[in-house]
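Open the model in your viewer and keep the selection tool at hand. We will go from stop to stop, with something to pick out at each one.

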Amino acid sequence: MQSLKNSLGQQKYIASDEIATVLFLAQQLGKPVLTEGPAGVGKTELAKAMAGVTGRELIRLQCYEGLDETKALYEWEYAKQLLYTQLLRDKLHDTLANTHSLKEAADRLSMEEDVFFSMRFLLQRPLLRAILSEKPTVLLIDEIDRADAEFEAFLLEVLSDFQISVPEIGTLQAVHRPLVILTSNNTRELSEALKRRCLYLFIDYPALEQELAVVRLKVPELSPKLARQAVELVQSLRSMDLRKAPSISETLDWAKALVTLNADNLDKNTLETTLSVLLKHETDLQRAKRQLFNASQPPRDRRQDSGLGTSARWQN
Amino acid sequence: MDQRIAQFIAALRASGVRISLAESADAFQAVDEVGIMDRDTFRIGLRTTLVKEARDLDTFEKLFPLFFQSSAPPPMMDATKGMTPQEAQMLAQALRQFTEEMRQMLEKLLKGQPLSQQELRQLDQMMNMDGINDMRYQNWLTRQMEEAMKFKEVRQAMEELLKMLREMGMNRQQIDQLREAMQANQQALQEQLRQHAGEAIAQNMVNKPREEDTDGAMNRPFRALSEEDMQTLRKEVRRLAAALRTRLALRLRRARTGQLDPKGTLRVNMKHDSVPIVLKHRDHTLKPKVVVICDISTSMRYTSELMLSMLFAIQDQISKTHAFAFIDHLEYITPYFQGKDPSDAVREILYLMPSGHYNTDLGSSLLSFSKEFMDTVDHRSTLIFVGDGRNNFNDPRLDIFHTLARRSRATIWLNPEPAALWGTGDSDMLKYAPYCGRIFQVGNLAQLADAVDQLLLH
């Protein structure tokens, strides 16, 4: 488990003990992992890091409303089938040349039927690709809550038995069990049946030290002092009653913005200009500015006196 | 250990976490993998296999320490250690002044001995703990145990003892030390009792019989529901909503056979050299927009809550929901439902407008609706009223109601009262009725489910 955690760290993903344990279990038990949590806490990133650690190919299925099996599983390539029939017309002619009755011709044709419903004409979509891949893969099913409820039912076969039934061909069994990671933003309840088949991992906003570690890892150019100040500010923003709390990815964007602007201090001016990277609603922005600037002293001084402890004073 | 895990799973089930057989099997498998040596990994292993909903995580974290902890009581300190023989003599002499029972307790506190298993068992026999199977009683039970142990008297005796020692001439520093140690030890005992109470309750939860089925509650009128029935119903609503959602989605899909869309067809068939192999149709149906106006006065509270829960559970089948609540004035309540349990949201809303001295007044609520929120109603929205139409003889404002009904695609009224009661007393239902497209009587959950299914039908 520790080694898994370390190798995730090498992939620039800071995993908590919990995440490492769950992933370890997922590998051992061969079960999919369902990760939930607010947007932008690194759920998708986790799958990418996992693919990096195991050296597997990442196959991603982005879910959306109206996603159906032809987009997720497989589709017959009608055009190719038609094209082949056109091109093979002469050959067909030969095959059917010395038949005497219509019945005999049909019989003979039906013997050749398999040619047209073979893997050759099967357009592989992400799920089928993950199942049939010669090399082991990591399958990421992203934002499953956006897909329709029926689509979930459809995933059940894939997730529990790692097999796919294609009526014309038969059941296709996985060559290697892919490591499956599902993510959900919890916009709707997922079905019990789906949850039952998965390991559950809830990722919340990280604690201060952890987030700081992420920022230091991903944006090493930012000075340690400023990084700490920035993360403290973000953490205090999350405790405010905002319409959308800033996520880790937004913290990173902000950190990069600070580097680009060559900021060496979080003074009022810098905040004014860059806060919109963190907060995406006008009302949130107004509220945050009111709270940050309406203090008796400018926020910068307060933080310099006592560092860590002051973040509590912003909570309201 | 397996036994203990099985008990833990039973307790989780008893506190309302849904765990299937397959999941408990997974848990055992996970434990085999991670082992039980490291308590934290063990906990995460169990949690990831057993708990599949964020809202159940709290329950898990609360129950886990009760089942899996080193049963060692909290550490205590021995206050008599650093004493000179002379001081020890004094103490023994002072202790002799108390009754037998009190002396034992005081000695325990002085020496820092935790309660033994036997003493705990005796305590259990004194308390009647059968049937206490809810974690909310833990603090209460702890207090009961403290009382049985005469904590208050012991505290007094402690003060007396210290006073006596001072009179006997023990030095001040030593006395202060004694006091601190004894207080700390008493707190440790309290903690031990708390743990014990929790374990006892957890044990009761394991033995708790399975919940009765929900059929009875489905058909019971809303008026006759208790808070416990409400709990089962809330669960039931979730299940029903899932079923409804699938049904609605299917209906939407089947209805997707509109006109041929030539542009779309051309675009899709580009790769086939514009030979129309795949046909595209225009989407025929639109997801409904819903504006719901709920009466949340005392008589209507449960109906409205369940209706709102149902609506917000099938949110993905509706393109937009605007919810309003009123008693004497109107409030826009949609924001309260975002990312929250509907029952909590309703409680918050009730806090916003506590029912009480003022009266239900749909008329003035309609007026403020037409002033501020008229733009939420258009030809695509279904307008739903949930209420009993009892206006306390205020002006019903039929003119506004009529305008709203004309503006919206459909106007639907859900009323818990049977039709025979409409128009009696202060009910304005008969006056509103002609403007409504459909009126459903929703006296119980079964009827409510039917109504919701119907009202999204176009």
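Select A:Arg228 to begin: in this predicted model, A:Arg228 is partly exposed, at 27% relative accessibility. A:Arg228 belongs to helix H12 (residues 224-239) of chain A and A:Glu209 to helix H11 (residues 208-218), so the pair ties together parts that are 19 residues apart in sequence.

Stay with these helices and select A:Arg238 and A:Glu211. Their closest N and O atoms are 3.0 Å apart, in another salt bridge. Here A:Arg238 sits in H12 of chain A and A:Glu211 in H11 of chain A, so parts 27 residues apart in sequence are tied together. Are these two residues buried or exposed? Both A:Arg238 and A:Glu211 are buried.

For a salt bridge in chain B, pick B:Lys289 and B:Asp378, whose closest N and O atoms are 2.9 Å apart. This pair links distant parts of the chain: B:Lys289 is in strand E1 of chain B, while B:Asp378 is in the loop between helix H17 (362-372) and E4 of chain B, 89 residues away. B:Lys289 is buried, with a relative accessible area of 17%, and B:Asp378 is partly exposed, at 24%. Next, select A:Glu18, B:Asp40, B:Arg43, B:Arg47 and B:Glu61 together: salt bridges that share partners join them into one network. Over all chains, the count comes to 28 salt bridges.

Now switch to cartoon view and find the open sheet of chain A. Its 5 strands follow the order E2-E5-E8-E1-E9, with parallel pairing. At the edges are strand E2 (57-62) and strand E9 (199-202) of chain A, each pairing on one side only. Neighbouring strands of this sheet are turned by 20 degrees against each other on average, direction ignored. Helix H2 (residues 17-29) of chain A packs on the sheet and touches strand E1 (33-36), E8 and E9 of chain A; the direction of H2 makes about 165 degrees with that of E9(A). Zoom in on strand E5 (residues 137-142) and strand E8 (residues 179-184) of chain A, which run parallel and are joined by 4 bridges. In E8(A), A:Val180 is the bridge partner of A:Leu139.

Most residues other than glycine have a negative phi.

Move on to the open sheet of chain B, where 6 strands run in the order E3-E2-E1-E4-E5-E6 with mixed pairing. The edge strands are E3 (330-332) and E6 (438-441) of chain B. Strand E2 (residues 320-326) of chain B pairs with E3(B) in the antiparallel sense over 3 bridges, and B:Phe326 stands opposite B:Leu330 in E3(B).

For the last stop, show helix H8 (residues 138-148) of chain B. Buried in this helix are B:Gln138, B:Leu141, B:Thr142, B:Met145 and B:Glu146. They cover an arc of only 145 degrees around the axis, which puts them on the same side of H8(B). Show their cover too, which includes helix H4 (57-67), helix H7 (117-126), helix H9 (151-167) and helix H10 (172-207) of chain B. Just after H8(B), B:Lys150 takes a positive phi of about 60 degrees.

Conventions. Residues numbered from 1 in each chain as written. Chains lettered and ligands numbered in written order. Predicted model: local features only at pLDDT ≥ 70, side-chain atom pairs only at ≥ 80, totals over all residues. Heavy atoms only, no water. Pairing = 2+ DSSP bridges. Helix = DSSP H or I, 4+ residues; strand = E, 2+ residues; numbered from the N terminus. Axes fitted to C-alpha atoms, helices over the stretch in contact; angles between N-to-C directions. Contact = heavy atoms within 4.5 Å. Buried < 20%, exposed > 50% of the residue type's maximum accessible area, 1.4 Å probe, protein only. Arc of directions from axis to C-beta. Salt bridge = Lys/Arg side-chain N within 4 Å of Asp/Glu carboxyl O.
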